[in-house]
Each structure stands twice: as structure tokens, then as C-alpha cells.
Amino acid sequence: MRLYQAVLALSTILCAGTAAPTVYTSEYITLGCPSSTSPSATETQQYEALNDFATLLYLQKMPTKAFNTYVATHLINHAATVPGDGAALALKTVGPLVSASAFVIEQLFVGQDRGVTYFKATTPMGTAAAIDMFRMSGTCLVEHWVIQNPVLNSTNPHPYF
């Protein structure tokens with residue numbers, strides 16, 4: 001937690017002189033962002049939102065709360081394991097997997113209205129290194145990509161994590 005607070009404090013200092021956040025009000029409304037999100041956000045606010053989403057989803061295993069709080073109803077989804085767009089369909093697919101798995105968030109980044117989580121997932125199917133990337137409209141997650149790689153034996157002394 002101290003590291004998170006230090007990174008957040010440094011981010012706040014570094015972003016203090018940056019331009020006003022970009023506002024995508026039309027997309028924010030069209031894609032059905034939850035009222036708990038904001039159409040306008042600084043990178044620090046986006047970092048806080050993505051960190052809270054990832055904590056709710058991966059660590060606290062509360063996928064419904066995570067999605068209802070941060071994900072657009074009409075989420076644009078590029079995940080091959082989800083058969084279409086929309087938060088409800090993504091939640092229906094991801095929810096059971098989250099319950100049956102263990103996660104370690106390795107890294108989390110936000111910049112240029114994109115957010116990335118890099119994590120270790122131990123699922124009933126095995127262990128994987130995974131990246132979830134989101135496009136954000138303010139603090140709302142509006143578009144999603146995922147890359148997963150099974151953790152294999154390696155001669156590298158520090159593969160994946």
C-alpha cells in the first residue's frame with residue numbers, strides 16, 4: 001500500500017501542470033457509462049479508477065460490483081473468449097472464471113486514455129501471464145483487449161513476473 005501511495009503522490013506532482021483532461025461526453029453517454037464514473041478525468045483519477053476496478057475484480061473477487069461501477073453497458077470487447085460486445089456478456093463470461101481463480105496484480109499503468117493491468121492468473125486450466133488493456137472515457141472503461149500466455153517452463157531465471 002505504501003508503494004501505491006508513493007506512486008500516486010508522484011503521479012499527482014508530475015501531472016499537476018498538465019492540460020485539462022480530455023472529455024468524450026458523446027461516447028461516454030452513447031456507450032452507457034455508469035453514473036459512478038466521470039466523463040472527464042486526469043491520469044491520476046484514471047489510475048485510481050483502474051486500480052479500484054482491478055482490486056474489486058481480481059483481488060476481492062467482486063466482478064459484478066467492479067463492472068457495475070466502472071464498465072460501460074455497451075463495452076466494445078476484443079477478447080476472443082467473450083462472444084461479443086457489452087458489459088453483461090463480458091461479466092457472464094468472466095464472472096465464473098474470477099470466482100474459481102487466484103490473481104496477483106503485477107503492474108498497472110494508465111496514460112493517454114488507456115489503462116493496462118499485467119497480472120498472474122492461476123485458473124482451473126493452469127497459470128497464465130495476462131494483460132488486460134482498456135480504453136477509457138474519463139473514469140469509465142469503454143473498450144477492452146486481453147492477451148494471455150500460459151506460463152511454461154523456462155531457462156530464463158525470471159520469466160513472466
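This is a predicted model: local features need pLDDT of at least 70, side-chain atom pairs count only at pLDDT 80 or more; totals for chains, interfaces and linings use all residues.

Trainee: How do you know that the length of helix α5 fits its 13 residues?

Mentor: Residues 87-99 at 1.5 Å a residue should span 18 Å, and the end C-alpha atoms are 17 Å apart, which agrees. There is also a bend of about 30° at T93, with the proline P96 following within four residues.

Trainee: Which residues of α5 are called buried, and what makes them so?

Mentor: Buried means under 20% relative accessible area. A87, A90, L91, G95 and V98 are the buried residues of α5, so each of them falls under that cut-off. They pack against α3 (43-59), α4 (63-70), β1 (71-77) and β2 (102-111).

Trainee: What puts L57 in contact with V98?

Mentor: Contact means heavy atoms within 4.5 Å, and L57 meets that with V98, as well as with M62, P63, A66, F67 and V94, leaving aside neighbours within four places in sequence.

Trainee: Why are β1 and β2 called edge strands?

Mentor: The open sheet has 5 strands in the order β1-β5-β4-β3-β2, with mixed pairing. β1 and β2 each have a single partner strand, so one side of each is left without a neighbour in the sheet.

Trainee: What makes β2 and β3 a pair?

Mentor: Pairing takes at least two bridges; β2 and β3 have 9, in the antiparallel sense, so they qualify.

Note on methods. Residues are numbered from 1 along each chain as its sequence is written. Side-chain values use heavy atoms; hydrogens and water are left out. Helices (H or I, at least four residues) and strands (E, at least two) are DSSP runs, numbered from the N terminus. The expected span of a helix is 1.5 Å times one less than its number of residues. The bend at a residue is the angle between axes fitted to the seven residues ending there and the seven starting there. Buried means under 20% relative accessible area, exposed over 50%, partly exposed in between (1.4 Å probe, protein chains only).
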